[in-house]
Amino acid sequence: MQFTSITKRVANLGSKKWLPHLRAKKMAETDPNVILLTIGQPDIPTSSTLIDIAEKSLREGRTGYSNGRGEPNLLSALAKKYSADCNFEILHENILCFPGTQTALFVSIMGLIEKGDEVLVGDPLYATYEGVIAASGGSLKRVKLKKNDGFRLQANDLERSITKKSKVLLLNNPHNPSGAVLSKQEIKDLLSVCKRHGLWIVSDEVYSSLIFKNISANKFFSPLFIQDDFDKTVVVSSISKSHAAPGFRSGWAIGPKDFCDSILPLSESMLFGNQPFIADMTTFALNNEHKTSKIMSADYYKRALKLFETLKDSNMIEPIMPQSGMFMLADIRNTGMDSETFVSRLLREEKIAVMPGSSFGDEANTLIRISLTVPDPDIDIACKRILNFINK
Ligand SMILES: Cc1ncc(COP(=O)(O)O)c(C=O)c1O
């Protein structure tokens, strides 16, 4: 049987990217000593208030078809939130609702990129970006994110990487896997470069509410906040991280009207709208204050600090303190191992599962990514076992 070229382009870019996690998860099913520090699954439950809202909505019969753009109550909640953040008005026509950031990203890239086009992305990069870009038929142009710059994409590095084919900058701020947060000035500089070269910006902001208060001088700033440049800026995000609700699959894209109008039929062709009871729950989540992201960012900061303090004096592994998010990078080049060898030996010998940097780009093979989404006692055990491993 013959399958299309798109299936070949993404063949190794789906769940295969997560093989180290899947392997460790299987091992953990029979071995309770295995600790999984692999993926960004929030370790606190979705708030019971949000679950109650979803349940009430289900029981009230909000189970029919929606429309392609999104339920009106959710569009209004998103318009209110983004208009307040932006200081100019975001209208329903600027919004499309999706099941999660991932689908919003997929449809946005499919709408902007085709064969012959290039998407600029900072490397290290989030593991699914390669698949999304490959699916569109376009190519990925890596811009090396330097450890010395705190893995923050710099405008001059971006500008140097632009070619005639470049069409979109796919920005991830706050950044996974490094936890870097771009300053207002850095965003402005990146925008100026994009504007000079006629590039779109697609900004993945799924971690915007998980910036660590304690160490980050950087307040979250989005390219969307600069009204003059709104004609080529798209923001994608969701409640997956902010409200510890990834299983609800509730996200959105915010963009100029012509972008949303053109993308809508693509989204409708694939999704035929999303679920009204989830829209009700998301509307409530956006319209009301929740402690979830504050609790998570305090926990993740504390755990990152614990790992940092434990590992910082080792001359084998260099922990890199994140400014946000759910992960911490560590540089393992002094061990002489590549990231995949390090990860498989750490799992085999100490039963600690982390992700190899190689899952996050060509520039990350001397790095490992440690997830902070497990309870404090597991982080304490992980600290001891990682130290034990590198001291051997
Ligand atoms: C940078 C980044 N973007 C997007 C996603 C996917 O988010 P969602 O659950 O909203 O699809 C993730 C999930 O880990 C992520 O880390």
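Before you click anything, here's a term for our first stop: a residue counts as near a molecule if its C-beta atom, placed from the backbone, lies within 6 Å of it. Also keep in mind that this is a predicted model.

**Stop 1: the ligand.** You'll find 13 residues surrounding the ligand, and the closest are Gly100, Thr101, Gln102, Ser238 and Ser240. Colour that shell by class: nine residues are polar, three are nonpolar and one is charged. Which helix gives the largest share of the shell? That's helix α5, residues 100-112, with three residues.

**Stop 2: the sheet.** Now select the strands β2-β8-β7-β6-β5-β3-β4; in that order, they make an open sheet of seven strands with mixed pairing. Look at the edges, where β2 (95-98) and β4 (139-144) each have a single partner strand, so one side of each has no neighbour in the sheet. On average, neighbouring strands here are turned by 20 degrees against each other, direction ignored.

Stop 3: Zoom in on β3, residues 118-123, which runs parallel to β4 and is joined to it by six bridges. Pick Val121 and you'll see Arg142 of β4 standing opposite.

**Stop 4: the whole thing.** Zoom out and show everything as a cartoon: 13 helices and 12 strands. Of the 392 residues, 48% count as buried. The radius of gyration is 21 Å, which agrees with the value near 21 Å for a compact globule with 392 residues.

Notes
Residues are numbered from 1 along each chain as its sequence is written. This is a predicted model: local features need pLDDT of at least 70, side-chain atom pairs count only at pLDDT 80 or more; totals for chains, interfaces and linings use all residues. Helices (H or I, at least four residues) and strands (E, at least two) are DSSP runs, numbered from the N terminus. The radius of gyration is taken over C-alpha atoms; the globule rule is 2.2 Å times the number of residues to the power 0.38. A residue is buried if 20 or more other C-beta atoms lie within 10 Å of its own, exposed if 12 or fewer, and partly exposed in between; C-beta atoms are placed from the backbone. Ala, Val, Leu, Ile, Met, Phe, Trp, Tyr, Cys and Pro count as nonpolar, Asp, Glu, Lys and Arg as charged, and the others, Gly among them, as polar. Two strands pair if DSSP finds at least two bridges between them. Axes are lines fitted to C-alpha atoms, for helices over the stretch in contact, and angles run from 0 to 180 degrees between N-to-C directions.
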